[in-house]
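The sequence and the structure are shown first.

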Amino acid sequence: LQRPQKKFLNLNSFLIVFYFELTLIYSSDVVINRIYETGLYDAKQDAYIDPLTLIWYRRRLKNIEVSLLNRIEADKKTFIAILDIDNYKQINDTYGQYIGEIVVRSLSREMKSNFRVYDEIIRFGGEEFLIIMKNISSEQAYNKLEKFREHIISNVFDVQGKNIRITFTAGINELSDGISLDECINEADKKLYYGKNAGKNVIVI
């Protein structure tokens, strides 16, 4: 009696992953809506996937913290960037919260498209994202964020007929020996706010 149930759960898990991967590849609102329509995705049950963007949510950090710290012992470089949309409150005030959420979702798609498949993209909260970049030098980490910043500057988000341009500021810090994951994120966050106070739309490392 238990074997059919096990097969059903495996099929259910496969379908969730299948729809999730389609979303990452095609970045389609149709796919996102389809996930909710099928009832396969339940945001209350899955605390690790952000329901707005369908990328990892910050709780994911607890799952990967040990593996990230083990990378330090293996002398493998890991850099963490924290990214924040500039003037996000102004976007909400001008166009409304719903449009603001679409902007957040659109930016998350651009991140998935422009970073490596093994880079961790995590919605940290609100309009903030974490990018965990592995096997990379400090120069490469900076160049990747700078290239992405330039890409976003040149991009126009078409949101329900409204052409919206955005910028972001980011701080980057190395996950190195002697500091915890939280401490590394806090250091990146300090660099982020240094960039905000310096005029925004910059990468600080």
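**Terms and model**

A residue is called buried when its relative accessible area is under 20%, exposed when that area is over 50%, and partly exposed in between. The model discussed here is predicted, and a search of the whole structure finds 10 salt bridges.

**Lys77 and Glu174**

One of the salt bridges joins the side chains of Lys77 and Glu174, with an N to O distance of 3.1 Å. Because Lys77 lies in the loop between helix H3 (60-73) and strand S2 (78-85), while Glu174 belongs to strand S7 (residues 168-174), the pair ties together parts that are 97 residues apart in sequence. Lys77 has a relative accessibility of 41% and therefore counts as partly exposed, and Glu174, at 25%, also counts as partly exposed.

**Lys196 and its two partners**

The side chain of Lys196 meets that of Asp84 in a salt bridge of 2.7 Å, N to O. Asp84 lies in strand S2 and Lys196 in helix H7 (residues 181-197), so this pair links parts that are 112 residues apart in sequence.

Lys196 also forms a salt bridge with Asp86, in which the closest N and O atoms are 2.8 Å apart. Since Asp86 lies in the loop between S2 and helix H4 (88-95), whereas Lys196 lies in helix H7, the pair ties together parts that are 110 residues apart in sequence. Lys196 is buried, with a relative accessible area of 14%, and Asp86, at 3% relative accessibility, counts as buried; Asp84 is buried as well.

Definitions and conventions:
Residues are numbered from 1 along each chain as its sequence is written. This is a predicted model: local features need pLDDT of at least 70, side-chain atom pairs count only at pLDDT 80 or more; totals for chains, interfaces and linings use all residues. Side-chain values use heavy atoms; hydrogens and water are left out. A salt bridge is a side-chain nitrogen of Lys or Arg within 4 Å of a carboxyl oxygen of Asp or Glu. Helices (H or I, at least four residues) and strands (E, at least two) are DSSP runs, numbered from the N terminus. Buried means under 20% relative accessible area, exposed over 50%, partly exposed in between (1.4 Å probe, protein chains only).
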